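Hi there,

Here is the structure I promised to pass on. Have a look at it first, and my notes follow below.

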Amino acid sequence: MTKRHAGGAGVSPARHGALLAAIVAVIVVFSAAIYVGASTDGGGGRTDIAGGRTPHNPAAPASTGAWVGSWSASPAGAEPGTETNGMAGRSVRNVVHASVGGTSARITLSNLYGQQPLSITHATLAVAAATNNPAAATGTMRRLTFGGNVSVIIPAGRQVLSDAVQITVPRGSDILVTTYSPTPSGPVTYHPQARQMSYTAEGERTEDVSGTPYTAQTPYWRYLTALDVLSNESVGTVVAIGDSLTDGVTSTVGANKRWTDVLSERLRNAAGSRDVPRYSIVNQGISGNQVLAAGLGRPAENPSGLSRFERDVLGRTNVKAVVIDLGVNDILRNPGRADPDRIVAGLRTLVQQAHARGLRVVGATLMPFQGHRGYRTDREAVREAVNARIRSGQVYDAVADFDRALRDPYNPRRLRADYDSGDHLHPSDKGYQRMADVFDLQSLKGAAPAEL
């Protein structure tokens, strides 16, 4: 580029200097206006939390990080007993575990199973002061906004993503997400098998830091379905979709002992070494979930893997790889003899949908369940047939052989005793640990083949 003189022909030096001074003054005023505009409401400075005020959604700072999933839970149905009033007049404080840290955060709220619009007049996010505790750590309470507004109305059957809020989310911390709805909203969209205690309080207590009003405990997650963070620790998200084995049923409540929790720790500790990707993990397990069949209702309670894959997996933030552990309920809940060909075809359909997005898919073999009330020799034959197809490489890009890792070496039709929770279907904490330990971290990396 060639430089042009600021002054034209015939402009005196004095007038030239005055013109430059005027231009500089305009620039200074304009810059100040931009700075002030960026510092009010949407990006303002923090106010005194101890004085009862909350930061008005501090703007996320410029960052070289990536938005990734830090936690998630699939909407599974309508909470019994909430058909009329929902959670009207109560503050719902969900406690979730951040699998990866970040410098900003945002949430997703769902009214999938609501029969009328859900009015959320206030919502907040904070880091918990301690594990399994409704109190917020000092200085971390943030007011959430939705399109710049503190309130939002979520139509029945829909979900909403909040604006990003500046907050330091430490990896492995508990995060408190609180919502308040003043009016009856019909059935509450929930995830029943949280394996984590959350809390409720009477009245509008969304900005309460002490946690004292939160006297009621609940084993559910309500409305909240995702927590994303702007992270420098991770470059993408792994989504694990499954049934109760992924949901973590029988794992210790409040201890984050699901196999996905343990796998997340392994990934964090090994990231960057031996070609291990820097990914976070989110859990989209639903207890009782099947590949092919869904529950009753419209929308269906416990939607099938096929019907929810687009929303619960492909719709998650910055997905890089998928892990599928589904199929055992298609066998156990079929009153007749389940068809292994139909189950495998359903799994392959999920893989094809992931491949269409360029995602790599790791699939799990189906673990044994002899001794469980649903065990029958013909069902065992179906399980073995499905596993044979999975191991042959006809279904997934890579295989996590949970069956081989947890079965009894003296009786491969049942779980090894110390890996068994006692119901002969779900693992103990040690069994969930074993599932994560045998998972090949490098299998998550690499491009998906054009056709499997």
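**The largest pocket, and what else turned up**

By class, the lining of the largest pocket is made up of nine nonpolar, 11 polar and seven charged residues. Here Ala, Val, Leu, Ile, Met, Phe, Trp, Tyr, Cys and Pro count as nonpolar, Asp, Glu, Lys and Arg as charged, and the others, Gly among them, as polar.

Before going on, please note that this is a predicted model, in which local features need pLDDT of at least 70, side-chain atom pairs count only at pLDDT 80 or more, and totals for chains, interfaces and linings use all residues. Residues are numbered from 1 along each chain as its sequence is written, and side-chain values use heavy atoms, with hydrogens and water left out.

The mean pLDDT (the predictor's confidence in each residue, from 0 to 100) of the protein chain is 88, and 85% of its residues reach 70 or more. Over residues 1-56, though, the pLDDT is below 50.

Back to the largest pocket: about 410 Å³ of space lies in it. Of the 27 residues lining the largest pocket, Ser244, Ser287, Gly288, Asn329 and Arg333 lie nearest its centre. (On a 1 Å grid over the protein atoms alone, a pocket is an open set of points with protein on both sides within 12 Å along at least five of seven lines, while a cavity is a set where a 1.4 Å probe fits but cannot get out; lining residues have an atom within 4 Å of a point. Grid points are joined across faces, edges and corners, and a volume is the space filled by probe spheres set on the points.)

As for cavities, the whole structure has three of 30 Å³ or more. The largest cavity has a volume of about 220 Å³, and Trp71, Ser72, Arg258, Asp261 and Asn283 are the closest to its centre among the 23 residues that line it. Strand S18 (279-285) gives the largest share of that lining, four residues. (Helices, H or I with at least four residues, and strands, E with at least two, are DSSP runs numbered from the N terminus.)

S18 also belongs to an open sheet of five strands, in the order S18-S17-S19-S20-S21 with parallel pairing; two strands pair if DSSP finds at least two bridges between them. S18 and strand S21 (398-400) are at the edges with a single partner strand each, so one side of each has no neighbour in the sheet. Strand S20 (residues 360-364) pairs with S21 over three bridges, and Gly363 stands opposite Val399 in S21.

Best wishes

Definitions and conventions. Contact means heavy atoms within 4.5 Å.
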